[in-house]
Each structure stands twice: as structure tokens, then as C-alpha cells.
Amino acid sequence: MKMTGIRLSWTGLLKAAVLLAAATVGGLAFQQLGLASANILMIYILCVQLIALWSGGWLYAALSSFAGMILYNYFFTEPRFTLRVYDPDYPMTFIVMVAVSFITTALTLRIKNQAAEADERAYRTGVLLETSEKLQKVERTGEILRTAAEQLYKLSGCPAAVYEPDGQGGLRLTRIYPESAGERAVPEQLEDLRALYWVWENNRCAGRSTKRFPEADALYLAIGGREHALAVIGLSLSEKISEKRGKGPVERNLLLAVADQCGLALEKEKLNREKQEAEVQAQKESLRANLLRSISHDLRTPLTSISGNAGILLESAASLGEKQKETLYKNIKEDAGWLISLVENLLSITRMEEGALTLHLETELVEDVIQEAVKHLDSRAKEREISWETEEELLLARMDARLIVQVLVNILNNAVRYTPPGSHIRLRVGREGKRILWEIADDGPGIAPEDQEKIFEIFYTGGNVGSDGRRGLGLGLALCRAIVMAHGGQIGVRPASPHGAVFWFTLQSAEVQYNG
Amino acid sequence: MDKTKILVVEDDFPIRNLICMTLETQGYQHLEARTGEEAVRLAASDKPKVMLLDLGLPDMDGVEIIKRVRTWSSMPIIVISARSEDADKVEALDAGADDYLTKPFSVEEFLARLRVALRRVRSLEEYQQDENSRYMNGALTINYAAACVYVNDKPVHLTPIEYKLLCLLARNTGKVLTHNYILKEIWGSTLASDTPSLRVFMAALRKKIEPVPSQPRYIQTHIGVGYRMMRVEQE
């Protein structure tokens, strides 16, 4: 049986008096109508119920029971209008009446309380459900904590303050809900700080209404996973509120339940983030592993060749003819040249993958860039017919010259490497709308249709062996694509007729004011 | 034979060895320095004709060495730099270097650059002896007094800016002039937006004085660095 304080107020007594008076009047009316006295008793019992319900106090009900009995005695038992009774049965009637009043009142009150409790419970379950739904929709830490604060405020009626780690081992206040609470939500005393940090370190709750730091102004809840707290929310309990709601264990369990839900959401989000970072890391590692594998495998060949040739020249120079010696020298030089361009590509590509390559865009003359590129071609380029032209004079484009030179060198060297001697390689640059289109066409054997997309992939060589009998690392075109795309352009290849391939890419064009 | 003295400043032994051996085969005399201090000392005491300076020295910044030497000498300085550092080259040239080599470089390239530098030494010496009011380079002739330019004895009409550009390059034949330097000398400022204009002016100038504009013989373009007027051998 729930008691609600032992208070008597004038309003309560007035309510009781009014009801009793009404009951008496009703009883008198019944009597006039000639109804049995049992009915009048019922009226008083009913009246006591109503008093209990209306005033909500057991004490009123108890007092009213007695009052009712006295009134009935006075008004309705012989001799009327006195407190004496003739009928010897009436004392028993009175006792039974009072008992019935008490018991029914108690039951009524109980039902009333239970109904209130059920409402309260329903409300809290609703809040929990709502919390769960809201948490499913939000994703970021900030939003999760905001939802937590909101729901805890709804549950407890106390303003919530959110404390998050400041990255240096301490906590800082990041949010107050509701925002109108302002200063009230942030307690200042030492006891509160102690409670706050205790909660943070131990991942349990503390503060007012708990056994730890009960002198604090606020109740501190740890928001976090199973391992450690990720944030702390403090609920500022003011005197008035705590009495009204009563921070008993049941209450606190519900607050903890909400806090747990939010803690799980936070943890999930943190794990997701870590997973993504781990994936990116893994990709980088796998690229690095690929590179190392390719390097150690594919660089060994030219290095073996250089080492071997130099060795022969050292050991057996005397027994070699001039022609032979010259061949060996030439081979050494060519292998070294191959290695040099390979290393250059490797460096560029690792820098691009790590995002460390910064583009220095300048407006450059297309002609200048072509001329620079042509200077860096393989020696074998002499055995091909290479020509170039620009559609108009003074063609300008925005580019990082060094990188685009590398693109041209890679594509041209590819053309040289994968075409037979005497082939024609033509470089044409022209304007296409707002872009500059570069085309390198050769009349060699061309590229198989199934390879056309894949050749720009890193490490893809398509099993092709160049005219120098050596496969590349598959980096050249991948690097070209990375560079062109970093410039905001596009790159591709299409077949030439009757045979051959046309590699093309686009860059932004540029204009310049020319005042002679 | 006139043993021209070349100062080689390089801390990496194999490369220093390579350079010195190459110089010997060409009949040059060489001085070696491994550090910046040694280099400045030798430059002052032995008076080489040309200095080869590696930019990755352990004790001193290459640019500082150049500045120190330039206070009392105008000997051509060729800097050697690793491939990816454009900024270093440009800084060195602005500080007073004449030319640059990028590692890895071939012996032919090295010797060619050396010859250009030596030709510059000669013309500097000649210039001091005889104040020319005329510039002659292959088929190109500039008459400073009359402000006229001839290619193959045919007069060529240049705009004022083109003329100033040509004269600047001609006065520094054999020396790589950075974009910044040219912009400062001709326009007096180095706004980044002017560099594209410079390219356009250069292209226009080339078209007027080069016999085959797509294969320039006089004005060389150094991508990302600047331009140079080359001395052309008389046919």
C-alpha cells in the first residue's frame, strides 16, 4: 500500500466535507423516498471511495470513514439526530462499515497507484523504444550523444550535460540539453568533478542518489561499451525534481538502460570507423607488398645483365673483340637507361598513391612540353619515325609540366617498345571545345580489344613482351592515368586503322592576354 | 695545350671519380673539393675557369656557396641536382649559377654543358677587352647601337618586348636564365600570372629568329626552369 506523506491540507478537508455533506443530503433524499437503510450505507461507502480518489490520501479516507459512520449514526439511526443507538446490531454494522471503507479505500488507492505506475512504466518503455529508434537513425558521435542527452532528459526531467574526451586525457563539456538549461546544468563543485572523473575512469555511475559521491549536485552516467567509457552525461538533480520523481533504484536502472543503449551505439560507430581505417591501411599495405614483389622480381633482370656484362668486361677484356666489347657496353647503357625510367615511374606512383604528390599547375606551351618529352625517349626511338604537330600555334594548356612530360614519355616509349622498327608514331595536339586533346598514334600491331581497358591498371602488362625482349612493370600507363586524372582530364586508347593504336588524353586549356 | 682548370665539388666518391676521369680524357685539369668550405677556398686560391657544384653537400647550402663565390668572381657555375628538386635548381640559378645538370646524367650531356660554360668564359673575357656594340651568334646579329636585329643578314622586325628579351638572352649567352629573373629584368615584377605571358612572348620571338621554330637552335627552353641563348657553331 503506497502512502503519500502524512499531510493534511485545508483543500483536502474541504473536499471531504463537501462530499460527506452531499452524501448526507442524498441519504436524506433516499429516506424520504422510503428506500431501505442499506442503500444509505452504500452511499456513504461510495462517498468515502470518492474522497479517497479525489483527494488521493489514505488519511482522508480513514477520517471520512469515521465521519461517515458518525453522520449515519446521527442522521439515520433511531433515535435520529442523536449519537445514541437503540438497535444492538448497529455497533456491528458500524464496525463492518468502517472496515469495508478502509479495505475498499485501500484497494482503490492501490489500483489508482498501480494505474499511475503503469502509465509511468509505459511512458518509460516508450522512451526506451524511442531511444532505440532514434539511435538507429543517427550515425555520428555528436548526434548519438545529443540523442542520449535528449532521452535522459525526457526520462528524468533533469537537464543533461555531455562531457567528451578532449584528446588530452581529460574531459570537456560539449553540449547541454536542453540548451535553455544553461548554467543550471553544469554543477561547479569539487565533489562533482571528482564524481565525473571517477565515472569516466571506472565506467560506472556515481553522484547524487548513489553510494559514491552522493554529495554531488548531479548524477553522472558513463556512456560507453563494455571496456571503457566513451563519454559521460551528468544529470543535474535539483531538490525539487529529485523529490518529485524519486531517484530510487528502479529509476536509476532505467536511466542506465538508456545510457547503455547510447553507449552501444557509440561503440558501434567507433568500431565502424576503426574498421574503415583498417581497410584503407590494408589496401596501402597490399600495394606496397605488390610493389616490393614486382621490384625485386623485375628489377633483378636488368641488374643481372649489367652486373654480368661489366663482369665479363673486367675479366676477359683481352679475349674479346672490339665489336663484342661494344655490344656489351651498349647493353649496359641500355639496361641502365631502362632502370632509370623505371625508378622514376616507381617513385612517382608511390608518391601518388600516398597522396603526397602535389600538382604545380602552370600555363605551359604545348610545344615546349613536347620538345622536352622527345629529348627523354629511349635510344630505340631513333629506329622509329616519330613526328609531332600542334593544330594551332601558341597552344597553351594548364598542367604540371614535369608530370605531363612523364606521361608523354611513357606513352611514346610504349609505342616505341611495342612496335617493330620503322613504324610511324605521330603525336597530334589540338583543341576540343574547352579542352586540349593529345593523341599519340602508331601503326604497329595495336592493342587487343580485351586489353584496352586493362592496360591502364597498375601492374598489368598483358603478358606482352616488348621488342627489346623485356616486359615492363606495368606501371607506365597506370601512372599516366593517375596523372591525367589528377589534372581533371581523361585518358584512353582506341584502335587505329588499318592497324595500330591511338592513345589519347585531355587537359584543360588556358588563355593568356598577349600584348605585343 | 692550355690546361683549363675545372673545380669539381662533389661529396659522393663514385660520381666525383666519374667526372674527374671524364675531364682527364678530354684534356682538362681538375681540382677536387668534398665540402663547401674546401670549394670556396680552392675557388679563391686556384682560380678555376668553371665550377661544378653538387647541391647536396653535407656542410653548406649550395646556394650559399654560389653567393659567396659570386661576390668576387663571375666564373660559370654548373650545379648538379637530384632529379625531383626543380626548386633547388631554380634557386641556384637565381643566386647566380649558370647551368644545371640533373642526376643521372650522361657523359655526353655533361661535356656539352661544360663546353657551353667554357665558351661563355671566353666571350666574357673578350667582352671585357672589347666593348662590342654588336652581337653575333651564328646567323643572328644584333646591332645594339641601332637597335636592329638581322637573321641571315635580313632584318627582322621585333616588338619592343621581344627585342628586350632577345638582348637579355644575348647578353647572357650560355647561361640559363630563370623565369623569375627574366620577368624581373624585363617587366620589373614577378607576378605569377606573368609567366604564361612570358612563354607566349618567347614562342613568338622564336618564330621570328629561328629557322625551324620546332627545333630551336638559339633559344633553348628548360621546362620548369627558364630559357637560355646558345652559341651556335658557325657552319
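User: Why is Glu117(A) called partly exposed?

Analyst: This is a predicted model. Glu117(A) has a relative accessible area of 37%. Buried means under 20% and exposed means over 50%, so Glu117(A), at 37%, counts as partly exposed.

User: What makes the pairing of Glu117(A) with Arg121(A) a salt bridge?

Analyst: The closest N and O atoms of Glu117(A) and Arg121(A) are 3.5 Å apart. The criterion asks for a side-chain nitrogen of Lys or Arg within 4 Å of a carboxyl oxygen of Asp or Glu, and the pair therefore qualifies as a salt bridge. Both residues lie in helix α4 of chain A, four residues apart, about one turn of the helix.

User: Why is Arg140(A) called exposed?

Analyst: The relative accessible area of Arg140(A) is 55%. Exposed means over 50%, so Arg140(A) is exposed. Its side chain meets that of Glu143(A) in a salt bridge, 3.1 Å from N to O. Glu143(A) is partly exposed, at 30%.

User: Why is Thr419(A) called buried?

Analyst: Thr419(A) has a relative accessible area of 3%. Since buried means under 20%, Thr419(A) is buried. This residue lies in the loop between α12 and β9 of chain A, and its side chain reaches the backbone oxygen of Ala415(A) at 2.7 Å.

User: Which parts of chain B does the pair Arg68(B) and Glu37(B) tie together?

Analyst: The side chains of Arg68(B) and Glu37(B) meet in a salt bridge at 3.6 Å, N to O. Arg68(B) lies in helix α3 and Glu37(B) in helix α2, so the pair ties together parts that are 31 residues apart in sequence.

Note on methods. Residues numbered from 1 in each chain as written. Chains lettered and ligands numbered in written order. Predicted model: local features only at pLDDT ≥ 70, side-chain atom pairs only at ≥ 80, totals over all residues. Heavy atoms only, no water. Helix = DSSP H or I, 4+ residues; strand = E, 2+ residues; numbered from the N terminus. Buried < 20%, exposed > 50% of the residue type's maximum accessible area, 1.4 Å probe, protein only. Polar contact = N/O pair within 3.5 Å; in protein donor to acceptor, adjacent residues only side chain to side chain.
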